[in-house]
Amino acid sequence: MAKRKAPEVNAGSMADIAFLLLIFFLVTTTIETDSGINRKLPPMEDQIDPPIIREKNIFTVVVNKNNQLLVEESLTDIKDLRGLAVDFLDNGGGSGEEACDYCQGKRDPRSSDNPDKAIISLKNDRETEYKIYIAVQNELVAAYNELRNREFSRLNPNLGISYVEADLIYSDPRTSADDKASLKDKLDVVKQLYPQKLSEAEPSKVN
Amino acid sequence: MAKFNKKKSGDLPAISTASLPDIVFMLLFFFMVATVMRDSTLMVQNTLPAADQVQKLDKKDRVIYIYAGKPSSRYVDTYGTQARIQLNDKFGSVEEVGAFVLAERAAKRQELQNVLTTALKVDSDTKMGIISDIKQELRKVNALKLNYTTRVGDYTQNFN
């Protein structure tokens, strides 16, 4: 009687399993993309005639070398910065032509006239730490985003997304051109309502 | 008797190695996909600060990277502990930033030259002085689009 060997394991489907795993990893792995806060620097040419801006339309934020925060001349905790910035931008204290009909603020005559006039001025020391600067920038951007989100959902209630989400879809390269065009209009309207006017002073050398 | 011999004589069956190439290729593909090419080695400490109001920086071919921070531990002997700027593979001074950006811009394709963003990858413990200097240099060469690259996280992480 011939010797019978144990049957060999069929390896034919091993490749299929391997490809299954490969496809799984392909789908689940995301290539790491950097993210960060986008800013635009002012161009170099000097303004010969700086426009006159009234004191009440400027929201001053100063960070000193000990990383302390001075908002509108008073020492503030960074946790309150976002709220204060929102209050300032959304104040809408102007009247007549400068009135702001969509603002929901206190309409304090001592604060900003309308979001278009409101300017946030950020000044930091050369000794300020970068991470504190980023935290302040983050909170100021957050204040703008909060207001823009509110207006975006007010103007586009049936869209079901916020301004930030819409902006994300808009900047996604996979979004089709048609969607981009329709989103761009909606985004631009909201940007017009709350334009980001963030001015940075050149840092003080001695302090 | 043959009946009893049969059981003992069987060798262990050889495991087929036919699928080994598949497994190797799978690993290869996985690493090919997951690896991010970094064309310059980091010579500075680079713990990015955290922020949550971030925008994605897609399309790597439209980005110029500038690193800054304290030199890494193995460069401390040569370069000290003062924060330095790293441009590509070497340390650079503030004055060299402008020339570096112009050179990088010239190396890009024509249609991309106007849409470039400069990404600042700066260590969170760096002082703002050096960053302001970089920003001034960027303004001089009209590279106005800027991105402060951060980790995604709550801003309160920056306070410890």
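Trainee: In β7(B), which residue is the bridge partner of B:Ala51?

Mentor: The model before us is predicted. In β7(B), B:Ala51 has B:Val152 as its bridge partner. This pair belongs to the pairing of strand β1 (residues 50–51) of chain B with β7(B), where two bridges join strands that run parallel.

Trainee: What other strand of chain B pairs with β7(B) in the parallel sense, and over how many bridges?

Mentor: That strand is β6(B), which pairs with β7(B) over three bridges. Within β7(B), the residue opposite B:Leu120 is B:Tyr148.

Trainee: Which strand of chain A is joined to β7(B), and do the two run parallel or antiparallel?

Mentor: Strand β1 (residues 35–40) of chain A is joined to β7(B) by six bridges, and the two run antiparallel. One of the facing pairs is A:Ile37 with B:Tyr148. B:Lys145 in β7(B) is the bridge partner of A:Lys40.

Trainee: How many residues does each chain give to the contact between them?

Mentor: Chain A gives 51 residues and chain B gives 51 residues. On the side of chain B, the elements that supply two or more residues are α1 (2–9), α2 (20–34), β2 (55–56), β6 (117–122), α5 (128–140) and β7 (145–152). The largest share, eight residues, comes from α5(B). Sorted by class, this side of chain B has 25 nonpolar, 15 polar and 11 charged residues.

Trainee: What describes two packed helices?

Mentor: Two packed helices are described by the angle between their axes and the distance between the axes. In this structure, helix α4 (residues 94–107) of chain B packs with α5(B) at an angle of about 40°, and their axes are 9 Å apart. That angle is why α4(B) is called oblique to α5(B). The crossing of α4(B) past α5(B) is right-handed.

Trainee: Which residues make the contact of α4(B) with α5(B)?

Mentor: From α4(B) come B:Val94, B:Val97, B:Gly98 and B:Val101, and from α5(B) come B:Asp133, B:Ile134, B:Glu137, B:Leu138 and B:Lys140. By class, the residues of this contact are five nonpolar, one polar and three charged.

Trainee: Where do the side chains of a regular strand point?

Mentor: In a regular strand the side chains alternate between the two faces of the sheet. For a whole sheet, let us turn to chain A. There, an open sheet of five strands has the order β4-β3-β2-β5-β6, with mixed pairing.

Trainee: Why is one side of β4 (74–76) and of β6 (198–200) of chain A left without a neighbour in the sheet?

Mentor: Both strands stand at the edges, each with a single partner strand, so one side of each has no neighbour in the sheet. Neighbouring strands of this sheet are turned by 30° against each other on average, direction ignored. A:Ser121 stands opposite A:Ser199 in β6(A).

Trainee: Which helix of chain A packs on the sheet?

Mentor: Helix α3 (residues 130–155) of chain A does so, touching β2 (58–63), β3 (69–71), β5 and β6 of chain A. The direction of α3(A) makes about 160° with that of β2(A).

Notes. Residues numbered from 1 in each chain as written. Chains lettered and ligands numbered in written order. Predicted model: local features only at pLDDT ≥ 70, side-chain atom pairs only at ≥ 80, totals over all residues. Contact = placed C-beta atoms within 7 Å. Helix = DSSP H or I, 4+ residues; strand = E, 2+ residues; numbered from the N terminus. Nonpolar A, V, L, I, M, F, W, Y, C, P; charged D, E, K, R; others polar. Pairing = 2+ DSSP bridges. Axes fitted to C-alpha atoms, helices over the stretch in contact; angles between N-to-C directions. Parallel < 35°, antiparallel > 145°, perpendicular 65-115°, else oblique. Left-handed = near helix turned anticlockwise from the far one by under 90°.
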